[in-house]
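Subject: Structure handover

Hello,

Here is the structure I said I would pass on. Please look it over; my notes follow below.

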Amino acid sequence: ATYVGSSDYMWPFSYSKCDASTHNSQEINACHQASHYGMAPGVGRGAPEIDILEAMGGEPGKLPNTHIERPYFSASLQIAPGVKKGRPVLGSLPNKGHWYEGLEYGNVTNSDLNPFFYGVTLVHEPKTYTYQSDALSSNMHITESHYEHQHLYRVEWEPPNKDGSGGYIKWFSDGELVYGIHGSSLKITGTEIPSEPMYLLMNTAIASSWGFPMPCPEGCDCECFECGNPDCDCGFPDGFCENFPSFYEIDYVRVYQAVNETKHVLGCSTPDRPTDLFIKAHKKRYMSEGDKAPLQPVKNGGAVCHSDEDCGGSKSGKCTSKKCICNEGFTGPSCYAYAGFDDNYFGINDASVDVVKMIFPTGLLVAFMVLLVGFIVALVYSTKYQKVENSQQKPIAVPDGTYDIPSQGFPTVNTSYQKPSSAFSPPRVVKYALIDRRLIDE
């Protein structure tokens, strides 16, 4: 996701039907009947997104078309292609039959549909490359406790069957259901519950489009955002600058998979969803300016520090000469991460990209064969005709030394003929004109 080029015409497709309307916008689509980069033919690929939670701060107060008040967090699935006609308006509820049905909301958590985000239109040129993505999202009100005490969040993701049917995603907070999406709910667009390999991304980020006052408060131009600067802090939510420094603390992350379930696989390039060769063939998409290779290794230490606490404490690393030095088993610039590895690697060791056989439509092959046969017949006929013509034009010697050459109605031409002579006499060049089917000495 940090490499924008890797998402172009990929994010957030979860679609495996041959569809003329998405043939250009979905780069790897089900219309492809050849196996490229080790991928199965006739299978659409993409990069869908499952958002575990995104928190929205702000003062409590009534919001339009929902009983949820700020602060809240959103649980979302983002997929493409999206609903094209009758889309819901931002801040309003969808019209029946024009949005996804059968979605689950929690009774205990009192969650509700998120009417403030239905997806985005990804505009490209030419227009046939533009496409719509959808965000299936639910909001749950949170309290001060969620900011000050530990809470447990869980996502259950069951991939679909090989034909794209079935599967589900469910979100839970402290063991209670927040939101549920089943494969049957996606029939309005023909999309699927994701089956692509994914990675977990846990970070804290701030954007002026998420939780900030809209429209900009009166007397503020919102052209800059800087705490402590009276000209630039007027566009922040109330109390925003008082939250700093802030910390995003995660006690643990655990990933479970069902035993002997063939749909539960591990790795970024699995047998059914290979990515290894595609990445190798499109390296620049996965590189930032100055990179010499994609997928850079994790840095082991090296961050600027003033004490061991800046390097995760004595357990994780040490601060030596103002640089973090990681202990065994820990990694990252500041040594906060465990030095993990993939013990079930599905990658392809061969760095080369296979050249696949081209597959042509049957109709095109038939037309080509007809043209080929016609060409051969025309060539044979032309050759025979030329032989007959040459035999008819064989020169005939006459007593006066001229040659009578039968003509086929060609115009008068000039030619030259060198009469046989003895080895000691100079050659004599004689010019002739073709008149009345005879060469006449000029």
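Leaving aside residues up to four places away in sequence, H151 touches S145, H146 and D174, where contact means heavy atoms within 4.5 Å. This is a predicted model, in which local features need pLDDT of at least 70, side-chain atom pairs count only at pLDDT 80 or more, and totals for chains, interfaces and linings use all residues. Residues are numbered from 1 along each chain as its sequence is written, and side-chain values use heavy atoms, with hydrogens and water left out.

Two of these neighbours also make polar contacts (a pair of N or O atoms within 3.5 Å, one able to donate a hydrogen and the other to accept it; residues adjacent in sequence count only if both atoms are side-chain atoms). The side chain of H151 meets that of S145 at 2.9 Å and that of D174 at 2.8 Å. H151 lies in the loop between α1 (145-148) and β8 (153-158); helices (H or I, at least four residues) and strands (E, at least two) are DSSP runs, numbered from the N terminus.

H151 has 21% relative accessibility, so it counts as partly exposed. That class sits between buried (under 20% relative accessible area) and exposed (over 50%), with a 1.4 Å probe and protein chains only. The C-alpha atoms of H151 and I250 are 9.9 Å apart, although 99 residues separate them along the chain.

Elsewhere, D112 is in strand β4 (residues 112-113). D112 touches T66, H67, I68, Y105, S138 and N139, again not counting residues up to four places away in sequence.

Regards
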